[in-house]
Amino acid sequence: MAFYEYNESNQRVLFGEDSLSKLPSELAKLGCSKPLILTTPTKTSYVDDVAELLNGQIAGSFTRVTMHTPKEVTEEALEHSKSVDADCFVSIGGGSAVGLGKALFVRTGLPHICIPTTYAGSEMTPIVGQTENRIKVTHVDRKAIPAVVIYDVKLTLTLPTDISATSGLNAMAHAVEALYAQDANPITSVFAIKGIQTLASSLPQIMNNPKDIAARSDALLGAWLCGKCLAGASVSLHHKLCHVLGGTFNLPHAETHAIILPHALAYIAPSIPNVMKELAESIPNSDGNAVNGLNRLVSKLGITYSLKDLGMKAEDIELAVETLLKKPFWSPRQIESDAIRELLKRAWEGKPA
Ligand code: NAD
């Protein structure tokens, strides 16, 4: 039996409908009474909801959360938290709000409760991101895994179908890469297969009926499992490529992941026959080929746009290849510049993988 390592966290997770109502008791358990609420500008209503639930007992709010955790936004939020004497952070929203909560934890050591409302999965991971001078860097800090996560399915009912689709595919990408990671292990692989199956079946149902609470529940569970995969195994071509595309060309996070997922898998496929077999059995309509299954899923979820449509220029492809090759990483299939250029061309033109 091969040696493997799996890092567990002592995070507490609450899951269900109306589980937001558990927030007051969770704060009390942590000995906190002055939370700073973090959310995005379009979801300031969350601050009112949380303040009402806590009978107005909040230190304040910071609603200028921005994608990719820009350093200046984190510093602004940090100053604000000091000025209102916050004793913990409650992030409510997608991966951007969660990311700010983690960045503030790293700077202050104050407890962080997360209430995720998309499927990005950041709440499960020790990965802390920061963008400075248009360059995004990430580091791993196991202490930054949020102390408490409250998954309230009802909060996801308002997530628009387009964001549900891209964010769900972002989550699936965490799981797909965990299956062929250098440090893949039986624990993350179990999470990965269940996460992929759950999202692949629930996301199309959500497209038909965004208020389908059973499908929403499955998708949120899938996102949790996929987030555990990102925390438990290292990433390869798919995430490295998306990191370059997001960081260098400022392409939107989840949409980029949604486009790249089938292409990255198609590239790696010849080197991972066993994983491809497992994936084909887990993704509906694969007909024995998981890349076909993903192509069909992506198109069913309405991802009909390309990297070009996201604003990438044709000449950026070369720079993307160069940037990817500058920082070598482990991959089951050797990273060859010509083949990566071809992969990017297809994704740029919007061709199936
Ligand atoms: P996001 O957090 O920026 O949210 C996208 C949009 O959806 C926002 O406008 C937000 O207000 C809105 N929204 C969120 N929940 C909603 C709801 N329930 N109803 C209606 N609108 C809602 O995007 P995201 O894709 O969730 O997260 C992306 C960010 O997370 C990126 O910065 C990415 O790097 C980071 N991320 C980090 C990790 C990690 O492990 N560190 C993992 C995944 C993603």
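Predicted model: local features only at pLDDT ≥ 70, side-chain atom pairs only at ≥ 80, totals over all residues.
The shell around the ligand divides into ten nonpolar, twelve polar and three charged residues. In total, 25 residues surround the ligand. The closest are Ser 96, Thr 117, Thr 118, Thr 125 and Lys 136.

An N or O atom in the side chain of Thr 42 is 2.9 Å from a ligand oxygen atom. Tyr 46 places a polar side-chain atom 3.1 Å from a ligand nitrogen atom. At Gly 95 a polar backbone atom takes part, 2.8 Å from an oxygen atom of the ligand. The ligand taken alone exposes 860 Å², and the protein buries 88% of that area. Of the elements, α4 gives the most, with three residues.

Tyr 46 also has a charged neighbour. Lys 43 lies over the face of the Tyr 46 ring, 4.8 Å from the ring centre.

Aromatic pairing was examined next. A pair of aromatic rings is described by the distance of the centres and the angle of the planes. The search of the whole structure finds three such pairs. In one of them, Phe 15 and Tyr 151, the ring centres are 5.8 Å apart. The planes of Phe 15 and Tyr 151 meet at 55 degrees, so the pair is tilted. An angle over 60 degrees would be needed for edge-to-face, and one under 30 for stacked. Phe 15 belongs to strand β1 (residues 12-16) and Tyr 151 to strand β8 (residues 148-152), so the contact ties together parts 136 residues apart in sequence. Phe 15 is partly exposed, at 33% relative accessibility, whereas Tyr 151 is buried, at 0%. Ring pairs extend the group to a cluster of Phe 15, Tyr 151 and Trp 224.

Ser 91 is buried, because its relative accessible area of 0% falls under the 20% cut-off. Its side chain makes a polar contact of 2.8 Å with the side chain of His 112.

Ser 271 sits in the loop between α9 and α10 (273-282). Ser 271 is partly exposed, at 33% relative accessibility. The C-alpha atoms of Ser 271 and Pro 332 are 5.9 Å apart in space, although 61 residues separate the two in sequence.

Backbone geometry was considered last. Most residues other than glycine have a negative phi. Asp 18 has a positive phi, near 65 degrees. Asp 18 is located in the loop between β1 and α1 (23-30). With a relative accessible area of 41%, Asp 18 is partly exposed. His 68 likewise has a positive phi, of about 70 degrees, although it is not a glycine. The loop between β3 (60-62) and α3 (71-83) holds His 68. His 68 is buried, with a relative accessible area of 14%.

Note on methods. Residues numbered from 1 in each chain as written. Heavy atoms only, no water. Phe/Tyr/Trp six-rings, centres within 6.5 Å; stacked < 30°, edge-to-face > 60°. Helix = DSSP H or I, 4+ residues; strand = E, 2+ residues; numbered from the N terminus. Buried < 20%, exposed > 50% of the residue type's maximum accessible area, 1.4 Å probe, protein only. Lys NZ or Arg CZ within 6 Å of the ring centre and 35° of its normal. Near = heavy atom within 4 Å. Polar contact = N/O pair within 3.5 Å; in protein donor to acceptor, adjacent residues only side chain to side chain. Areas by Shrake-Rupley, 256 points an atom, 1.4 Å probe, with all protein chains shown as cover. Nonpolar A, V, L, I, M, F, W, Y, C, P; charged D, E, K, R; others polar.
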